[in-house]
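Hi there,

Here is the structure I promised to pass on.

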Amino acid sequence: MAPLLWITTALVRWFRLKVYQYEVTFAIYMLTPTEKFIFNTLLLTLITMIVTGVYVYLPDHLRSIYGHLYYYWAGERPFISTGLPSISAVFRDNSTKTLEMVYDTVKDAAATATGPIAEL
């Protein structure tokens, strides 16, 4: 039982040391409890917003950067996950079936996006 008590005591002392270092580094130790609460709340809100923004927007941003780098390297856009062929694949294929499929897909997308106005 003594090693568990020693580990708990060491963990509490380490946590208190980190709180002390945080308060001394940002000069929070000289604020009143209400000011400490406001400062810590603002800091926590800012950190939460940054982490949430990174979690939500960074994967799409990295995907976009990868698409640009792939385009500059290979000369064509990377494969789109919707299953539509790339523009270069459409022009490489001489059959009219691919062009008709792209035309029908664009026509259907325009019709669903704007309603009866886009009917051709």
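What percentage of the 120 residues in the chain is buried? Buried residues make up 5%, where buried means under 20% relative accessible area, exposed means over 50% and partly exposed lies in between (1.4 Å probe, protein chains only).

A word on the basis of all this. This is a predicted model, in which local features need pLDDT of at least 70 and side-chain atom pairs count only at pLDDT 80 or more, while totals for chains, interfaces and linings use all residues. Residues are numbered from 1 along each chain as its sequence is written, and side-chain values use heavy atoms, with hydrogens and water left out.

**Overall layout**

The chain has four helices and zero strands, running α-α-α-α from the N terminus. Helices (H or I, at least four residues) and strands (E, at least two) are DSSP runs, numbered from the N terminus. Among contacts with a separation of 6 or more, residues 24 or more positions apart account for 0%; contact means heavy atoms within 4.5 Å. The accessible surface of the chain is about 10800 Å², and 71% of that belongs to carbon and sulfur atoms (Shrake-Rupley method, 1.4 Å probe; for residues, only the protein chains shown count as cover).

Helix α1 has 24 residues and reaches 34 Å from its first C-alpha to its last, close to the 34 Å expected at 1.5 Å a residue. That expected span is 1.5 Å times one less than the number of residues. Ala27 is partly exposed, at 26% relative accessible area.

Two salt bridges are counted, each being a side-chain nitrogen of Lys or Arg within 4 Å of a carboxyl oxygen of Asp or Glu. In one of them, Glu23 pairs with Lys36, with the closest N and O atoms 3.6 Å apart. This pair links distant parts of the chain, as Glu23 is in helix α1 and Lys36 in helix α2, 13 residues apart. Both partners are partly exposed: Glu23 at 21% relative accessibility and Lys36 at 22%.

Phe39, also in helix α2, is in contact with Tyr22, Phe26 and Ile28, leaving aside its neighbours within four places in sequence. The C-alpha atoms of Phe39 and Ile28 are separated by 8.3 Å. Phe39 is partly exposed, with a relative accessible area of 31%.

**Along helix α2**

An unreviewed UniProt entry lists residues 37-58 as "transmembrane region"; UniProt positions are in the numbering used here, feature names are shortened, and annotations may be inferred rather than shown by experiment. Over residues 37-58 the chain is 100% helix and 0% strand, with the end C-alpha atoms 31 Å apart.

Leu46, Ile50, Val54, Leu58, Leu62, Ile65 and Leu69 form a nonpolar surface patch with about 620 Å² of accessible area together. Patches are made of residues with over 30% relative accessible area and no salt bridge, joining like charges within 9 Å and nonpolar side chains (Val, Leu, Ile, Met, Phe, Trp, Tyr) within 5 Å. Leu69, one of the patch residues, lies in helix α2 (residues 33-74) and is exposed at 54%.

The other salt bridge joins Asp60 and Arg63 (3.5 Å, N to O). Both lie in helix α2, three residues apart, about one turn of the helix. Arg63 is exposed, with a relative accessible area of 54%.

Best wishes
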